[in-house]
Amino acid sequence: MKKTSLIALCTFFLAYGNASAFSPYHYANTFSANNIIAIQHSIMANAMQTFEGTAAAALGGRAKLFGDANRYMYGMPPMYGRPHLYGEYGDDGTAQKSVQGRNGGDDTTANANTERTDPRPIVNSIWLNWQHIDDDVKFRGYDELDTNTDIISIGLAGGEAQWGIGISEWGIFGGYIGGDQENEFVNISENGGYIGLYTGYNIKNFNLSFAGTAGALFNGAEHEYGTDEYANTWAGVAMNATFNLELDDSFTIQPGVYAGYTWIGSANYASMAGALVENHNFNTFEVAPEIRAIKHLGSGWFGFINFKYAFMFGGAGDTTVNGIGYEELETRDYAEYGLGIEKSIDRFNVSLNINRRDGGRTGWNGGFNLKYIF
């Protein structure tokens, strides 16, 4: 890590307020890049969780209607969509070739080798997701920034196919990002968008997901001398693995781990303060183990609580002002925990969630997801 030199420190203290000297708003690119890391995590985690299925899917076709041992409350169409995605397996774990899958535990064909007469649709679901983030971003050795971000996403899922003893699927998604970051020195407005690809593989209670995204964020950093305009581009990949531990007919514990890498292209620009600001690119890794508890509350309502801890690694990117290098700003690890509810009506699935963050990011985030299953 490049440390601030003695000459740079003297320059800062002697010339602070002079337009040609270093000022905290020259870290604007660093602030934006670190916010992209959090945005990327939110995009990836929400997209992969949505593609993986609903809370009802995690519980499977296990909860029987009260007083009737032969009928099931969930895991049946059309209430939760076509169930072949969620468990097309016999009781011995072998894959079936039934038209619509297990349907709460019962194979819909007399012969598991019967050829499919009702092929799966090319697109099996479409979803819309909105998330709002309101938290304070903390850096090692620097003041925090108040951050507000909105992420609107839309996705399509399809291509379900038998692959070995499991089911594979693909997805595409994209959306809009808007927000701002501010402290006493600078107010940064941020607007941009992204696109992404998803693929997943499900074997009974185990799900493995991969996703990749690319995006751009256009920024305006307003400070006492004017507004500096610059842009960041980024690309990233992530993996998410989960396993459903079935405790009883209506309760599942779902441990998992998220791992991602994000590359962020930084901007060089001439500041309105009269300085040339040069920034190196960012390379960030994060690993976030997570655990969720999913419960059928009754009458088709589901509740879930979750906890994750995000470990941050990687290069934070150097900042140079008029040829003088300054200390990199690094974010800290953070914890996130929250709860949500979910309800399906015919082929629509709606869920709401709210989460708290503490550590390197402190504050709240939450939103809703609307999914239509064909």
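Predicted model: local features only at pLDDT ≥ 70, side-chain atom pairs only at ≥ 80, totals over all residues.

What follows is a walk through rings, cavities, strands and a couple of backbone angles.

Residues are numbered from 1 along each chain as its sequence is written, and side-chain values use heavy atoms, with hydrogens and water left out.

Let's start with rings. A pair of aromatic rings is described by the distance of the centres and the angle of the planes. For the cut-offs, rings of Phe, Tyr and Trp (its six-membered ring) pair if their centres lie within 6.5 Å; planes under 30 degrees apart are stacked, over 60 edge-to-face, and the rest tilted. Searching the whole structure that way turns up 14 aromatic pairs. One of them is Phe51 with Trp127, an edge-to-face pair at 5.5 Å centre to centre and 80 degrees between the planes. That pair links distant parts of the chain: Phe51 belongs to helix α2 (residues 28-52) and Trp127 to strand β1 (residues 123-139), 76 residues apart. Helices (H or I, at least four residues) and strands (E, at least two) are DSSP runs here, numbered from the N terminus.

Are those two buried or exposed? Phe51 is buried, and so is Trp127. Buried means under 20% relative accessible area, exposed means over 50%, and partly exposed is in between (1.4 Å probe, protein chains only).

Compare that with Tyr309 and Phe311: their ring centres are 4.8 Å apart and the planes sit at 55 degrees, so the pair is tilted. Tyr309 is partly exposed at a relative accessible area of 29%, and Phe311 is partly exposed too, at 33%.

Back to the first pair for a second. Ring pairs link Phe51 and Trp127 with Phe173, Tyr194 and Tyr198 into a cluster. Phe173 is in strand β3 (residues 166-182) and is buried, with a relative accessible area of 5%. The C-alpha atoms of Phe173 and Ile195 are separated by 5.9 Å, with the two residues 22 apart along the chain.

There's a charge on a ring as well: the charged end of Arg292 sits over Phe304, 4.7 Å from the ring centre. The test is NZ of Lys or CZ of Arg within 6 Å of the ring centre and within 35 degrees of the ring normal.

A cavity here is a set of points on a 1 Å grid over the protein atoms alone where a 1.4 Å probe fits but cannot get out, and lining residues have an atom within 4 Å of a point. How many cavities of 30 Å³ or more does the search of the whole structure find? Four. The largest cavity holds about 80 Å³ of space. Volume is the space filled by probe spheres set on the points, with grid points joined across faces, edges and corners.

Its lining includes Asn34, His41, Glu286, Met312 and Arg361. Helix α2 gives the largest share of that lining, four residues. By class we get four nonpolar, three polar and three charged residues. (Nonpolar is Ala, Val, Leu, Ile, Met, Phe, Trp, Tyr, Cys and Pro; charged is Asp, Glu, Lys and Arg; the others, Gly among them, are polar.)

On to strands, which pair if DSSP finds at least two bridges between them. Strand β5 (residues 206-223) runs antiparallel to β6 (residues 226-243), with 18 bridges joining them, and a hairpin connects the two through two residues. Leu217 has Asn232 in β6 as its bridge partner. β6 also joins β8 (residues 251-265), antiparallel, over 10 bridges; there Ala238 stands opposite Gly260.

There's also an open sheet of four strands, β9-β10-β13-β14, with antiparallel pairing. β9 (269-270) and β14 (324-326) are at the edges with a single partner strand each, so one side of each is left without a neighbour in the sheet. Inside, β10 (residues 276-279) and β13 (residues 319-321) pair over three bridges, and Asn279 partners Thr319.

Last item, for anyone who likes torsions. Lys204 has a positive phi, near 55 degrees, in a residue other than glycine; Lys204 is in the loop between β4 (187-203) and β5. Asn322 has phi near 50 degrees, also positive, and is in the loop between β13 and β14. Lys204 is partly exposed at 36% relative accessibility, and Asn322 is partly exposed at 38%.

Notes
1 Å grid on protein atoms, 1.4 Å probe; cavity = no way out; pocket = protein on both sides within 12 Å on 5 of 7 lines; lining within 4 Å.
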